[in-house]
Structure formats: structure tokens, C-alpha cells
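Thank you all for coming. I would like to take a few minutes to walk through one model, so please have a look at the structure before I go on.

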Amino acid sequence: MKQVGAIALNTFKETIRDRVLGIIVVFALIMIAGGLWLGSISLGEGGRMMKDFGLVAVTLFGLIVAVFVAAGLIHKEVEKRTVFVLFSKPVSRTAFIVGKFLGLCATMAIVMAGMAAFLFVLVWIVDGGFSGMLLLAVLLIYAQLLVIIAVTIFFSTLGSAILASVLGICVFVAGQLSHNVLSLSRLGQNAATEALSWVVYVIIPNLSAVDVKPAVVGEQVVAWSSVGVWLVYLGAYVVVCLGLAVAVFRRKEF
Amino acid sequence: MTQNAGCVRPPLLEVAGLRKTVKVGFRRRPVEILRGVDLEVHQNDVFGLLGPNGAGKTTTIKTVLGLMRPSAGSVRLGLPDLSRVGYLPENPYFYDYLSGREFLSFCGQLFGIDANVRRERVDRLLAEVGLEAAADKHLRKYSKGMLQRIGIAQALINDPELVLLDEPMTGLDPIGRREVKVIIQRLQERGKTVLFNSHILSDVHELCTRIAIIRGGTVVWQGTVPEAMAEAATLDDFFMRVIAS
């Protein structure tokens, strides 16, 4: 457990001090601020536009950080041969993978908190009030990104960092659409298509189930009990992905 | 041509018939790197592992550490686990955005060393490898020689019984080499066992009690330095003769 903590802290320090991360966050803040301009040309919908656009920017830049940092997390250790130092000590592969994941989760928490704080300030300026729903929406985006980090770490143990990044983004996009695919296949009334859609629906994490962005702008009422169940499902998904990553990584030689 | 010194001390590390085959290229062609390595490293030895590039020295060390799995043969370590082993990899590279002090502390944490002991040990090791002034600098600002020295410090953070050093003198200037040699000598004085790879035979001559020469994945000679010197004028001559035979 101490080893997991040490690896997590080390990963946090290493990733949070990376200049590239700082540059991405600056771009994210500029894009979030772009919501002010969109709000100004949207005739009385400034607050709504700010929230909507801001959450999309938070999701997009959160995804970029999650996928690209997670994809390089394991690869950098192998390519730069820092794994020699780690695994020549009594460090298990499980502690390594879990520590790396938790370290990046901590970094993501800081990144998300920074972007969210900036968005809250802008929404307060435009709307004149604080939105609790906005905070929940950011927390649920964070939950989705943790799944993507775990998925990307798993892919990075199988192939290159670029492939892991691409697959990580693909899973995020598919996760937003998987329930639509299932609904559409039911309309077609083709048993084979519906069965295939079920397989896709089970394998791909249903990220849209915890997406409350529409509720933030008043377009939807959130069924919180359902969101809770889906969060448990996403937690289990993370555990499975990390378990698979450990299984693959255990077989590797350096 | 393999010799045995008839050493009475118990072997701390015993490698027997170690073989390693790796698959390379698109067609997964098998290449045999180790073809039966036999080694005996005794307690308090300073053991030199010599051989041309690609002979299998690094692979042998990696297999001892469990970084690679042997295809055949055995490695017997006279220690409970890796917690009493220190290792410096060849051409070490560490975490760019950590300072030397943070990195050593991190390595200490991996061994579960108590915070107070760790702090004291990190300070002592930084002084020992001459990096006190650069302790709080990020590792990406370290020169190659400084990285080599911080690498040696991390290999000693757990006060190991057995220290494996893969090319510890590489990239060091004469002063740095002198310092590493002093560290190895001090380790021996403290009863530790050191195994290192090197191409610098004058250093091997100066430091080692026993040596093994590997060629083509097999140990072709093993014995004490005086035994080697009895057969040739210099260690260089002896090495060249063994490799050529």
C-alpha cells in the first residue's frame, strides 16, 4: 500500500510539473473564456451559453489531458528505462499500475478543479449566481475521464502510446453514443443487429449515463438514483481495465 | 578454461546453467543471448563481469533481478528478497521533474524505509556521491556523470547486502571514476558484496577480488584476479587471450 502511495505521489509530481500540461490548461482557459463572446451574441442566453460551452471545453480539454498523459504514463517508464529502477526493487506490477492510475487521477483532479473554478467565476459574472448543478456536472465529467484513463492505461500496455491515445478517444466517443446505438438497433427489429448492439453496449462504457450537461442548462431532469447505479458500474469498469492492464504488464520483460 | 577459486565463503549469488532466448523481429526469430551462464558470487566479493559488447553481461544481471525470465537454468540468491539488493542500470535515466533529493526519497519509500531514517540516509548518500549542492535541482538539469552518481546513490538507499552495478564508470570523468571506485571500496570494507560490469579493465584490476569473462552468452573463465594475472602480464592481455581462444 505504501508503494502504491509512493508511486502515485511520484506520478502526480511528474505529471503536474510537466510544462505541456500547463500549456494545455492555458488553452482550455482561453476556450472557456470564449463562452463569454458566444454569450454576448446569443440574445439573452448568455448564462446558458456560458455553461454549455464551458462544460464542453472542460470535457474536451480534460479528455486531451487524460488520454495523452495516460497513454505516455507506462510507455515513458519503459522507453526511458525507469522501470529497471522500479522493478529491481520489491515493487509489484499491480502496485505500479494502480499507483500510476491514482497519481494521474490526482493530477486530473487539480486540472479539472482549475478549469471548473474558472468556469464558475465566468458563470457568476454572466449569470450573477452560483450553480450547484454545474459543480455536479464537472464531477461527473471527472468520473467519465477516470474511466478513460483506466482504458487508455490498459491499451498502452498492449501497444504504442499513439495507438493507446487513439483508442482512448474512440472509447470516449463510443461511450457517449453506445446507448443510442442500442436504441437504434431496437428500431430496426433485426435480432442479429440487436445482439451485436448489446455486445457493444456491454463492452463500451456507457458514459452518457452520467452526463448531466443538458440538466445544467435546464433541458433535462436528472434521475440521480440511476446516475448512482451507473457510477458504480463505471467504478467496476475501472477495476476491470486496471486488472487487465496488470495481467498484460505481468507478462512483460524489460 | 573455467577456473574455480575454491572459495570457502558461502555464495551470495549462484547462477547455474542460465539460458535466455528472446524472439526478435516481425517473424519472431529466436535468438539465444545466454547459453548456460554459471556464476558464483561470494559474500564480500567485488566481482567483475567482463566481456565484449553483446556477450550477455546485462542480460545476466537483469535475469538475476527478475527483469527478465530465464528460459532455463536457475538463479539462487542467498537473501530473502530484492529488498537487500541494490541495482544501477546501464546509462541510467530517471524522472526529469524530480529533484535528486525527491528521487532518492521516492526510492527509499519503495523499500518502505521510515521517513526519519530515509531523510538521514538521503542526506548521507547525497554527500557520499558529491551531489549535495545539486540535491534540489531537477534531474533533467543533471549532467550524465551526475545522473550516474544519483543512480549509484539510489542503488544504496536500502543499505543493500548485494549491489549490482551495470557499467558504473560509464560517462564519468576521472574524478567521478575515482569517487565511484572509493564507494565500491567502502562497500567492500563494510562487508557488502558488489558485482559490476565494466570495459575499463584497469578499474577491474584495481577493485575486483574475482572476475568472470563472458563470451557469446557463456562464462569462459572465472577466478580470482591473481589467478588471471599469473597467466598474463596485464589484465588486458589476459582478457584478450581468453576472448580470442
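Let me start with a term: the domain bounds I will quote come from an automatic or database domain assignment. What you are looking at is a predicted model, in which local features need pLDDT of at least 70, side-chain atom pairs count only at pLDDT 80 or more, and totals for chains, interfaces and linings use all residues. Residues are numbered from 1 along each chain as its sequence is written, while chains are lettered from A and ligands numbered from 1 in the order in which they are written.

For chain B, the assignment gives domain 1, which covers 11-79 + 161-244, and domain 2, which covers 93-160. The C-alpha centres of these two domains of chain B lie 25 Å apart, and their contact takes 14 residues from domain 1 and 11 residues from domain 2, where two residues are in contact if their C-beta atoms, placed from the backbone, lie within 7 Å. On the side of domain 1 of chain B that touches domain 2, the elements that give two or more residues are strand 6 and helix 5 of chain B, and helix 5 gives the most, with 4 residues. I take helices (H or I, at least four residues) and strands (E, at least two) as DSSP runs, numbered from the N terminus. That side of domain 1 divides into 7 nonpolar, 3 polar and 4 charged residues, counting Ala, Val, Leu, Ile, Met, Phe, Trp, Tyr, Cys and Pro as nonpolar, Asp, Glu, Lys and Arg as charged, and the others, Gly among them, as polar.

Now to the sheet of chain B. In what order do the 6 strands of the open sheet run? The order is 5-6-7-3-8-9, with mixed pairing, two strands being paired if DSSP finds at least two bridges between them. Strand 5 (85-88) and strand 9 (218-224) of chain B are the edge strands, each pairing on one side only, and neighbouring strands are turned by 15 degrees against each other on average, direction ignored. For all such angles, axes are lines fitted to C-alpha atoms, for helices over the stretch in contact, and angles run from 0 to 180 degrees between N-to-C directions.

Strand 3 (residues 46-50) and strand 8 (residues 210-215) of chain B run parallel and are joined by 4 bridges, with Leu49(B) opposite Ala212(B). Strand 8 is also joined to strand 9 of chain B, by 6 bridges and in antiparallel fashion, and here Ile214(B) stands opposite Val219(B). These two strands form a hairpin with 2 residues between them, and Gly216(B) in the turn has a positive phi of about 60 degrees.

Finally, chain A and its contact with chain B. That contact takes 21 residues from chain B and 20 residues from chain A, and helix 2 (residues 100-110) of chain B gives the most to the chain B side, with 4 residues. Within chain A, the axes of helix 2 (residues 19-40) and helix 3 (residues 46-79) come within 8 Å and cross at roughly 160 degrees. These two helices of chain A are therefore roughly antiparallel to each other, a label for angles over 145 degrees, as against under 35 for roughly parallel, 65 to 115 for roughly perpendicular and the rest for oblique.
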